[in-house]
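Some notes on the model follow, as numbered points. They begin with the surroundings of a single side chain and then turn to the sheet and a helix pair.

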Amino acid sequence: MISVQNNPMFDKMKRDEPVLGCQLRSRSPLIAEMMACCHLDYVFLEGEHFPYNIETAENVIRAVQLGGAVPIMRIPSHEDGMILQLLEAGIMGLIFPHIDTRDQALHAVGEVKYAPLGHRGFGDSARASVYGFVPTGEYLPLVNQNVMAVGMIESQEGIRNLDAILTSGIDVLRVGAKDLSLDMGYGGVVTPEVRQAVEYVCKTVSASDVILGDAGLGGLQSQEDFDRVYNLGCRMFTIGSDMAVLKQKILASTRSFSEMRDLCPGIAATSTKS
């Protein structure tokens, strides 16, 4: 089981190795644990577009760790209250959407990290500190080394401020290509202009000390896709979400069933008689 202090996903990316995860949209601890048991590096709780309450999030975090993967979560906003509760529940990475300025990036780092790196509120009796069984002198540096502050560049303003954002102490930056497309006036479509902007962000982040997560361009449909995204510097890969995988499998099975049914001689003969 992955402990609430250790983050092998972060360690791999620091070594410039790619990691693989899957989004959890169903909010099911059962599915979360099963996904983690499939040898994923991380399970991504999607809390921006799908509602999580803190009790559900804590149960999902526990399930992911029990299955042997790292739990990370995208939160709906930069508001402080839920952030600390998720951290105390044992989340190992928080993804902050719409990081447009250095001040927003500094705020994200400040909420995730303890002093001197940030100003996270101290607590020593929740899951994150194994209910107080980890001595404070060991626990605080473990948090600062292993719990990730992740930001998303999703606007032209974020791109303009990228160099300043990279000096904030943020651990990982991802690109939200479709949100960036909306901001650029392309209606969510990743046009050549959007792709050019995404590639600029990727190259700039890759040349810094900040880890480049995902470019929002896909990357697991083929070896060519993977190579293209990997060569941009991206180190966080995803196979989609639990809902998307389930939907694809059900649709494929439905089509297969329909084809077999239509080709079955007995059913064809019955249909002719009727």
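1. Glu88 belongs to helix α4, residues 80–89; helices (H or I, at least four residues) and strands (E, at least two) are DSSP runs numbered from the N terminus. Glu88 has a relative accessible area of 14% and is therefore buried, where buried means under 20%, exposed over 50% and partly exposed in between (1.4 Å probe, protein chains only).

2. On the source: this is a predicted model, in which local features need pLDDT of at least 70 and side-chain atom pairs count only at pLDDT 80 or more, while totals for chains, interfaces and linings use all residues. Residues are numbered from 1 along each chain as its sequence is written, and side-chain values use heavy atoms, with hydrogens and water left out.

3. The sheet is open and has eight strands in the order β7-β6-β5-β4-β3-β2-β1-β8, with parallel pairing; two strands pair if DSSP finds at least two bridges between them. Its edge strands, β7 and β8 (236–241), each pair on one side only.

4. Strand β6 (residues 172–175) is covered on both faces: Val172 and Arg174 are buried on one side, Leu173 and Val175 on the other. In a regular strand the side chains alternate between the two faces of the sheet. Four bridges link β6 in parallel to strand β5 (residues 148–153), and Met152 stands opposite Arg174. Towards strand β7 (residues 211–212) there are two bridges, also parallel, with Leu173 opposite Leu212.

5. Strands β2 (residues 42–46) and β3 (residues 70–74) run parallel and are joined by five bridges. Leu45 stands opposite Met73 in β3. Helix α2 packs on the sheet, where it touches β1 (19–24) and β2, and its direction makes about 165° with that of β1. Axes are lines fitted to C-alpha atoms, for helices over the stretch in contact, and angles run from 0 to 180 degrees between N-to-C directions.

6. Helix α2 (residues 29–37) also packs against helix α3 (residues 54–67), at about 25° and with the axes 7 Å apart. The two helices are therefore roughly parallel, a term for angles under 35 degrees. The residues making this contact are Pro29, Ala32, Glu33, Ala36 and Cys37 of α2, and Asn59, Val60, Ala63, Val64, Leu66 and Gly67 of α3.

Key. Parallel < 35°, antiparallel > 145°, perpendicular 65-115°, else oblique. Contact = heavy atoms within 4.5 Å.
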